[in-house]
Amino acid sequence: MHTTSRRALLCSALALAGLPLGALAQDYPARTLTIVVPFSAGGGVDTMARLLADKLRVSLRQSVVVDNKPGASGMLGAGVVAKANPDGYTLLLGSAGETAINPLIFKEKMQYVPQRDLAPITAITRVPNVLVAHPGFPAKNVAELVAHAQKNPGKLTYATSGVGNPQHLNGELLQMLTGIKMQHVPYKGAANQLVDVASGNVDITFVSLAGATPFIKGGRVKALAVTSARRAGFAPEIAAIAEFAPAAAYDLDNWFGLFAPAKTPPAVLEKLNAAVTAALRDPDLVQRLREQGGEPMPLSPTEFRAFIQTETAKYARIVNE
């Protein structure tokens with residue numbers, strides 16, 4: 001009999017016997033775990049997944065592989081995990097996009113409901129984006145950018161890595177708080193959007209600090225501000241958008257976390273949470289995450305679910321506006 005079928009029968013037997021499904025988790029994990037990344041290999045999410053997988057291989061004493069399933073704004077990979085067997089062997093390294101924002105934008109295209117079909121395990125890191133411009137752009141801070149946009153309504157262009165992701169909402173929130181009008185130019189990835197800003201084809205872009213750093217250090221773009229409520233500890237020289245008084249309420253980062261299919265036994269979720277939380281205390285992983293522009297953010301499954309609900313409400317206000 002197939003392993004999945006045997007496990008399903010065992011779950012049923014435990015339930016009929018009145019035993020907790022946590023009993024099934026006593027020998028967990030007994031085989032290879034797969035972390036699905038809903039984006040292409042080589043990007044920031046993929047790098048994060050592989051760093052985490054390296055640590056989990058040691059703590060869980062099992063193989064952990066990363067499986068890239070890009071497409072449909074992250075919904076393809078997330079959908080695979082949502083429909084997977086809830087045994088803790090197929091996990092999602094998801095971001096705000098496919099777990100909180102997409103349901104607000106792609107309502108008719110969604111093949112899963114994150115709140116119903118995915119079980120939060122823990123947050124991993126929170127990553128502010130950075131607003132950068134072409135070196136010749138006539139503004140060196142947010143106040144000057146807003147003034148320039150007000151003088152040239154509708155002419156300022158901003159690039160992001162796609163429709164409906166946190167970068168897109170970064171631009172929409174800036175417009176909402178300051179009253180300026182900009183043209184959105186969506187790309188399929190950060191590399192091309194940065195190249196086009198560096199060449200002057202697009203005025204500004206919101207992008208991860210890790211992706212922008214080589215361009216900033218090389219003088220190909222200039223950093224105007226970060227999207228977190230306060231300056232980032234790893235880049236204190238870059239102002240926060242919220243320092244511009246009309247945008248004092250500005251606070252919109254991207255964040256990443258680990259998810260399992262709904263109905264995964266709580267004991268399995270707790271074991272995974274403990275393993276990831278321990279990994280996020282590892283100095284090597286902490287340093288690597290900071291190099292990616294983020295800070296560790298371990299949460300319990302309950303705390304992570306509440307955090308997602310709060311963030312979703314914030315995104316909903318921006319999308320509705």
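In the predicted model, 6 strands form an open sheet with mixed pairing, in the order S2-S1-S3-S10-S4-S11. Strands here are DSSP runs of E of at least two residues, helices are DSSP runs of H or I of at least four, and both are numbered from the N terminus. Two strands pair if DSSP finds at least two bridges between them. S2 and strand S11 (295-296) lie at the edges; each has a single partner strand, so one side of each is left without a neighbour in the sheet.

Strand S3 (residues 90-95) pairs with strand S10 (residues 254-261) in the antiparallel sense, over 4 bridges. Within this pair, Leu93 stands opposite Leu258 in S10. Helix H4 packs on the sheet and touches S3, strand S4 (118-127) and S10. Contact means heavy atoms within 4.5 Å. The direction of H4 makes about 65° with that of S3. Axes are lines fitted to C-alpha atoms, for helices over the stretch in contact, and angles run from 0 to 180 degrees between N-to-C directions. Helix H12 also packs on this sheet, touching S4 and S10. Its direction makes about 70° with that of S4.

Strand S1 (residues 33-37) and strand S2 (residues 64-68) are parallel and share 5 bridges. Val36 has Asp67 in S2 as its bridge partner. With helix H2 (residues 44-60), S1 and S2 make a right-handed β-α-β unit. A crossover is right-handed if, with the strands pointing away from the viewer, the path from the first strand over the helix to the second runs clockwise.

A further open sheet has 5 strands in the order S7-S6-S8-S5-S9, again with mixed pairing. Strand S7 (182-186) and strand S9 (222-226) are its edge strands, each pairing on one side only. From one strand to the next, the twist averages 30°. Strand S5 (residues 129-133) runs antiparallel to strand S8 (residues 204-208), and 5 bridges join them. Asn129 stands opposite Ser208 in S8. Helix H7 (residues 166-178) packs on the sheet, touching S5, S6, S7 and S8. The direction of H7 makes about 150° with that of S6. Helix H6 (residues 142-151) lies across S5, strand S6 (156-160), S8 and S9, at about 125° to S6.

Helix H12 (residues 301-320) packs against H7, their axes coming within 10 Å and crossing at roughly 65°. H7 is therefore roughly perpendicular to H12. Angles under 35 degrees count as roughly parallel, over 145 as roughly antiparallel, 65 to 115 as roughly perpendicular and the rest as oblique. The contact involves Leu169, Glu172, Leu173 and Met176 of H7, with Tyr315, Ile318 and Val319 of H12.

H12 also packs with helix H4 (residues 96-105), at an angle of about 40° and with the axes 9 Å apart. H4 is therefore oblique to H12. Residues in this contact include Ala100 and Leu104 of H4 and Thr312 and Tyr315 of H12.

The protein chain averages a pLDDT of 89, and 92% of the residues score at least 70. pLDDT is the predictor's confidence in each residue, from 0 to 100. Over residues 12-19 it stays under 50, and the model has 5 contacts beyond four places in sequence for them. Where pLDDT is low, the predicted coordinates should not be read in detail.

Local features need pLDDT of at least 70 and side-chain atom pairs count only at pLDDT 80 or more, while totals for chains, interfaces and linings use all residues. Residues are numbered from 1 along each chain as its sequence is written, and side-chain values use heavy atoms, leaving out hydrogens and water.
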